[in-house]
Amino acid sequence: MQTAYYVLLFLALIVALVFSVLVLVTGKGDAMSGGGSIRTTFKGKASFDDYMSRLTLILGASFFALMLLIDGVSNRIDLAKATQTKAPVASSTKTGK
């Protein structure tokens, strides 16, 4: 379980770095306006901005999904550690008076 946590964390780090570079490279142009629809040219071919918008959307959604998975794995690891570290309750013995 610990290995899955580190693999997911590594993937999230890679996705975050690529996502950050993509946002910094595209800048504040029309591609990042948040229009929601994919624009195409007259002939129907998608432009570079369309590809960047779609890639940004995919990377953002995958980063969100990875963070949810990491949280779930982390909670499961914490739960497993908590159940392992609980010491058994020692039975008390009565002492005579």
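Predicted model: local features only at pLDDT ≥ 70, side-chain atom pairs only at ≥ 80, totals over all residues.

Biologist: OK, and which helix is Val18 found in?

Modeller: Val18 sits in helix α1. It also belongs to a nonpolar patch on the surface, along with Val7, Phe10, Leu11 and Ile14.

Biologist: How much accessible area does that patch have together?

Modeller: About 430 Å² for the five named residues, Val7, Phe10, Leu11, Ile14 and Val18.

Biologist: Let's go inside. Which residues make up the largest nonpolar core?

Modeller: There are 10 residues in all, including Leu8, Leu22, Met52, Leu59 and Ile77. Helices α1 (2–26) and α2 (48–85) each supply at least two residues of this core.

Biologist: Which helix gives the most to it?

Modeller: That's α2, with six residues.

Biologist: You mentioned Leu22. What is Leu22 in contact with, leaving aside its neighbours within four places in sequence?

Modeller: Leu22 is in contact with Met52, Leu55, Thr56 and Leu59.

Biologist: Thr56, then: buried or exposed?

Modeller: Thr56 is buried, because its relative accessible area is 12% and the cut-off for buried is under 20%. You'll find Thr56 in helix α2.

Biologist: What does the side chain of Thr56 reach?

Modeller: The backbone oxygen of Met52, at 2.7 Å.

Biologist: And how far is Thr56 from Ser20, C-alpha to C-alpha?

Modeller: Those C-alpha atoms are separated by 9.5 Å, with the two residues 36 residues apart along the chain.

Terms used: Residues numbered from 1 in each chain as written. Heavy atoms only, no water. Core = buried A, V, L, I, M, F, W, Y, C linked by side-chain atoms within 4.5 Å. Buried < 20%, exposed > 50% of the residue type's maximum accessible area, 1.4 Å probe, protein only. Helix = DSSP H or I, 4+ residues; strand = E, 2+ residues; numbered from the N terminus. Contact = heavy atoms within 4.5 Å. Polar contact = N/O pair within 3.5 Å; in protein donor to acceptor, adjacent residues only side chain to side chain. Patch = residues over 30% accessible without salt bridge, like charges linked within 9 Å, V, L, I, M, F, W, Y side chains within 5 Å. Areas by Shrake-Rupley, 256 points an atom, 1.4 Å probe, with all protein chains shown as cover. Salt bridge = Lys/Arg side-chain N within 4 Å of Asp/Glu carboxyl O.
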